[in-house]
Amino acid sequence: DLANCAADAALALSRISDGNFFMEVKSAFAPSMVTGFIRLNGNTVGCVANRSVSYDENGEKAAEYDAVLTADGCKKAAEFVSFCDAFNIPLLTLVNVKGYKACKCTERRIAKNAGRLTYAFANASVPKVTVVTGEAFGTAYLTMNSKSIGADMVYAWPTAVIGTMDPEQAVKIMYADEIAKADDSLKLIAEKANEYRELQSSAVSAAKRGYVDDIIEACDTRKRVIAAFEMLFTKREDRPDRKHGTV
């Protein structure tokens, strides 16, 4: 079941690919960001994805990572996206991210590196398809090839959560006074979070707002992505003349 592999993006990508082929690039550097190549219907596709868990050869959990963007991860992905665009290789992005890593080392470099990744995706003229497999919050989701920066097709699994921030955190801000007065604050937070999730952060609400083109079952990901790339095979972009970007 592809849905059970979503945490380890490398495993999920191998399940999508022809013959379970996946060639990961720079696997030891910023392992929470996965970059590599797969084959879809015989065509080479470059992939960028967020990883929260990695498994070893025996299927045992080898490491866990926060579902956040790091400065090194953004740098790794930006270089990979630029490489794929240079050689006209289509891009597939699997998104499961809820923010940015909060540490001194990352905070010193994250703004510039996240900007470079956003620019790399926006500047790429190759076919770009995004699949939201888990959480997709705020500007971190925008950076990961969202519809807002030029993704040609965006799909979401039914369990995806898409919004400005985590529903529980949003509820604590919106209903702070009610929570403070409630006898059972945890129960109230859970109820309000579920309500907020359904109305504002579900895949259905994202589709209604145009952030997502279609909601697909996890098991249909391979065929839907192949169909999207076949549709985009003749994609051409007319852009203003310029020398180069400055990001």
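Trainee: In this predicted model, which residues is T143 in contact with, leaving aside its neighbours within four places in sequence?
Mentor: T143 has its place in helix α4, residues 138-143, and T143 is buried, with a relative accessible area of 3%. Leaving aside neighbours within four places in sequence, the residues in contact with T143 are L69, Y100, A114, L117, T118, F121 and I149.

Trainee: At what distance does a polar contact join the side chains of T143 and Y100?
Mentor: Y100 is among the residues that T143 is in contact with, and T143 itself is buried. The two side chains, of T143 and Y100, are joined by a polar contact of 3.5 Å.

Trainee: Which elements do the buried residues of α2 pack against?
Mentor: Helix α2 runs over residues 71-86 and reaches 23 Å from its first C-alpha to its last, close to the 22 Å expected. Its buried residues are A71, G73, C74, K76, A77, A78, F80, V81 and C84. These buried residues pack against β2 (33-40), β3 (43-50), β6 (91-97) and α3 (104-123).

Trainee: Which element gives the most residues to the largest nonpolar core?
Mentor: That core has 36 residues, of which V48, V81, L91, L117, V132, M144 and I162 touch the most other members. The elements that give two or more residues to this core are β2, α2, β6, α3, β7 (128-137), α4, β8 (153-156) and α8 (203-208). With seven residues, the element that gives the most to this core is α2.

Trainee: How many residues does the other core have, the one that lies apart from it?
Mentor: I38, M153, W157 and I226 are among the members of this other core.

Trainee: How many residues apart in sequence are the parts that the pair of F37 and F80 ties together?
Mentor: A search of the whole structure finds three aromatic pairs. F37 and F80 form a tilted aromatic pair, at 5.1 Å centre to centre and with 55 degrees between the planes. Because F37 lies in strand β2 and F80 in helix α2, the pair ties together parts whose separation in sequence is 43 residues.

Trainee: Are F37 and F80 buried or exposed?
Mentor: Buried means a relative accessible area under 20%. F37 has a relative accessible area of 11%, while that of F80 is 6%, so F37 and F80 are both buried.

Trainee: What is the angle between the planes of F83 and F87?
Mentor: F83 is partly exposed, with a relative accessible area of 40%, whereas F87 is exposed, with a relative accessible area of 55%. Ring pairs link F83 and F87 into a cluster with F37 and F80. F83 and F87 form a tilted aromatic pair, 4.9 Å centre to centre, and the angle between the planes is 40 degrees.

Trainee: Over the ring of which residue does the charged end of K192 sit?
Mentor: Elsewhere, R39 lies over the face of F21, at 4.1 Å from the ring centre. The charged end of K192 is placed 4.6 Å from the centre of the ring over which it sits, and that ring belongs to Y175.

Trainee: Which residues does Y119 touch, not counting those up to four places away in sequence?
Mentor: Y119 lies in helix α3 and is partly exposed, with a relative accessible area of 23%. Y119 and A63 are 56 residues apart in sequence and 30 Å apart in space, C-alpha to C-alpha. Not counting residues up to four places away in sequence, Y119 touches R242, G245 and V247.

Note on methods. Residues numbered from 1 in each chain as written. Predicted model: local features only at pLDDT ≥ 70, side-chain atom pairs only at ≥ 80, totals over all residues. Heavy atoms only, no water. Helix = DSSP H or I, 4+ residues; strand = E, 2+ residues; numbered from the N terminus. Expected span 1.5 Å × (residues − 1). Buried < 20%, exposed > 50% of the residue type's maximum accessible area, 1.4 Å probe, protein only. Contact = heavy atoms within 4.5 Å. Phe/Tyr/Trp six-rings, centres within 6.5 Å; stacked < 30°, edge-to-face > 60°. Lys NZ or Arg CZ within 6 Å of the ring centre and 35° of its normal. Polar contact = N/O pair within 3.5 Å; in protein donor to acceptor, adjacent residues only side chain to side chain. Core = buried A, V, L, I, M, F, W, Y, C linked by side-chain atoms within 4.5 Å.
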